[in-house]
Amino acid sequence: MSPDLTSKDGTAHISREILRANRNRKILHHSLSIAMPFFLLLLWEILSRQGWIDTRFFSMPSQIAVAFWKLIENGQLLKDVTASLTRVLVGFAIGGIPGIIIGILMGQSSVIRSLLNPIVAAIYPIPKLAILPLLLYIFGLGEASKYAVIAIGVFFILVVNTMTGAMGVPAIFTEVGKEYGASRLTIFRTIVLPSALPVIFAGIKLAWGTAFLLIVAAEFVGAKSGIGYLIWNSWQVFSIEQMYVGLIVIAFLGFITLLILDGLEAKLLPWRKHV
Amino acid sequence: MSSTIRGHTESSLDVPALESEDNAAKITISNVGKVFVSDNKLTTALTKTNLIVRDGEFLVIVGPSGCGKTTLLRILAGLETPSFGEVKIAASNSDRPLHSMVFQERSIFPWMRVIDNVAYGLRVRGVNRRVALERANEFIAKVGLTKFAQAYPHELSGGMKQRVSIARAFANDPEVLLMDEPFASLDEQTKLLMQEELLHIWDENKKTVVYVTHSLQEAVLLGDRVIVLSAHPGRIKAEVTVNFPRPRYHQLTTTPEFYALTSHLWELLKDEVVTANQLDGLYTNQE
Ligand SMILES: Nc1ncnc2c1ncn2[C@@H]1O[C@H](COP(=O)(O)OP(=O)(O)OP(=O)(O)O)[C@@H](O)[C@H]1O
Ligand SMILES: [Mg+2]
């Protein structure tokens, strides 16, 4: 929201020029970004038709497209995507919300931090996949074990990031709050939270990516649906094209959802780079 | 009702007596000192300071860098407790906040638009949103930022940000304004305009102001009284009364009387600045 920079005199058309140049540059960059994958696909197709690429390992894009279409038609793809997304979202909610709350508490209170930090620091570096067998043992092969592995993975990332954000609030800002007579709760709501949000958001994005990694791995073993299951099952039945479909879909899902998160961040926190 | 900030109270209180009723003490600083502890080292920022600021007085504090000016203001604002002595600020009107500070460093919130930054104190006090924004807009206009009311701070220049924090303090309508080098980061021309605006606003509602500056011209132009602090650790070295009639305008700065007073202040301050910056060698060489 900048005030209008154009003026009545001759500078108006110069401003328009600058804006147009800026827009053109953006369009060019976007087109390049979009064109590049298609170019690579085309190259891949040509090289495999020429026999320069081993199609036993790298199926031809055209054949992957056929497999893609089949999976869409028989509804299996939609079912798998829905299953994976549901698991990620449920697990994210179960682990993420307490993660952010505990992170804020740890950032705000040195007592809580002293109490919990050693535990968090000890568990944080454990690859969460390493506890998948234990979770399967506890929660069985059903949905619960998938929720659990995502919840745990997401939880620790968000605790650590949120705590960092809540601790990094510059003292001057909380002092302004005090000087203007704000209560502790008001200081928290109007100063600590907004000041920590950019770091919390970075944690959410990191955790989201991790959740995708975890769900695919978790679905490899003991699942009868989901993108991970699709990929693993394709391997077992030697359907390489179908496996590529799974890979593409998971990449696409991760990409799109991160794009949405970025957009949301830009919309909600336009000042995020300037705290 | 009055707010008292107390440290370890020392025995002998040599507080100057009040002269008359209409010169009632607004702020009473008795034997206040501050010692900081960091890395097991003690730093004395301020030694036994006694000072009375009268109701409606514009008091200016000058002194070399590091002499404890900010520390004193922070004690007045209640952000720092004095290590000894006590501070009393008499409150006359319970609806108005007692004090608002314009901080020396960047202190406006990057996550709020200019208008919400300026309205912050009012909103925290529970003033109705519409009234608060109206009032905020009034002061945004006074500091010349109307076009930027809806902008975020990162869209403003450094000087404009400082103007926002000045507007925020004024809009809050406190009984005492604490201003820590508010114009230091402004360009020379904007500073002149803001000084006149400050004089104007002050003439309108005669708040008690405690104003810290490094500029002796500014001190004499704005103040009723100028307190000179000695080099670190700070103590009151001298006190100069400024009797120029009000309302004052910039023309005052061109008069010989004005010049005489600022040079007198400089004479008082010179040794302290030399000590503060450890420039003794340089100084004697030049003599
Ligand atoms: N939190 C703190 N911990 C330790 N020492 C401090 C602290 N705050 C200030 N000091 C010290 O107290 C002294 C006075 O600092 P203060 O900020 O009040 O100076 P100042 O007069 O405002 O200086 P300037 O004109 O440069 O702003 C300095 O020596 C400073 O190093
Ligand atoms: Mg200072």
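Good morning. I begin with Asn31(B), which is buried at a relative accessible area of 1%; buried means under 20% relative accessible area, exposed over 50%, and partly exposed in between, with a 1.4 Å probe and protein chains only. Please note that this is a predicted model, in which local features need pLDDT of at least 70 and side-chain atom pairs count only at pLDDT 80 or more, while totals for chains, interfaces and linings use all residues. Residues are numbered from 1 along each chain as its sequence is written, chains are lettered from A and ligands numbered from 1 in the order in which they are written, and side-chain values use heavy atoms, with hydrogens and water left out.

Asn31(B) belongs to strand 2 of chain B; helices (H or I, at least four residues) and strands (E, at least two) are DSSP runs, numbered from the N terminus. Its phi is positive, about 55°, although Asn31(B) is not a glycine. Most residues other than glycine have a negative phi, and most peptide bonds are trans. Glu181(B) also has a positive phi, near 45°. This residue sits in the loop between strand 7 (176-180) and helix 6 (188-205) of chain B, and Glu181(B) is buried, with a relative accessible area of 11%. As for the peptide bonds, a cis bond with omega of about 0° joins Arg246(B) to Pro247(B). Pro247(B) lies in the loop between strand 10 (236-241) and helix 8 (256-277) of chain B.

I turn now to ligand 1. Which residues are closest to ligand 1? Of the 14 residues that surround the ligand, the closest are Ser65(B), Gly66(B), Lys69(B), Thr70(B) and Thr71(B); a residue counts here if one of its heavy atoms lies within 4 Å of the ligand. Strand 2 (25-38) and helix 1 (69-76) of chain B each give at least two residues to this shell, and helix 1 of chain B has the largest share, with 3 residues. By type, the shell holds 3 nonpolar, 9 polar and 2 charged residues. Here Ala, Val, Leu, Ile, Met, Phe, Trp, Tyr, Cys and Pro count as nonpolar, Asp, Glu, Lys and Arg as charged, and the others, Gly among them, as polar.

Oxygen atoms of ligand 1 lie 2.6 Å from a polar side-chain atom of Ser65(B), 3.2 Å from a polar backbone atom of Cys67(B), and 2.9 Å from a polar side-chain atom of Gln104(B).

Because Thr70(B) is in helix 1 of chain B and Gln104(B) in the loop between strand 6 (99-102) and helix 2 (114-118) of chain B, the pair ties together parts that are 34 residues apart in sequence. Thr70(B) is partly exposed at 26% relative accessibility, and Gln104(B) is partly exposed at 37%.

Finally, chain A. Arg87(A) is found in helix 3 (residues 76-108) of chain A. Is Arg87(A) buried or exposed? Arg87(A) is buried, with a relative accessible area of 2%. Between Arg87(A) and Met60(A) there are 27 residues of sequence separation and 31 Å in space, C-alpha to C-alpha.

Definitions and conventions
Polar contact = N/O pair within 3.5 Å; in protein donor to acceptor, adjacent residues only side chain to side chain.
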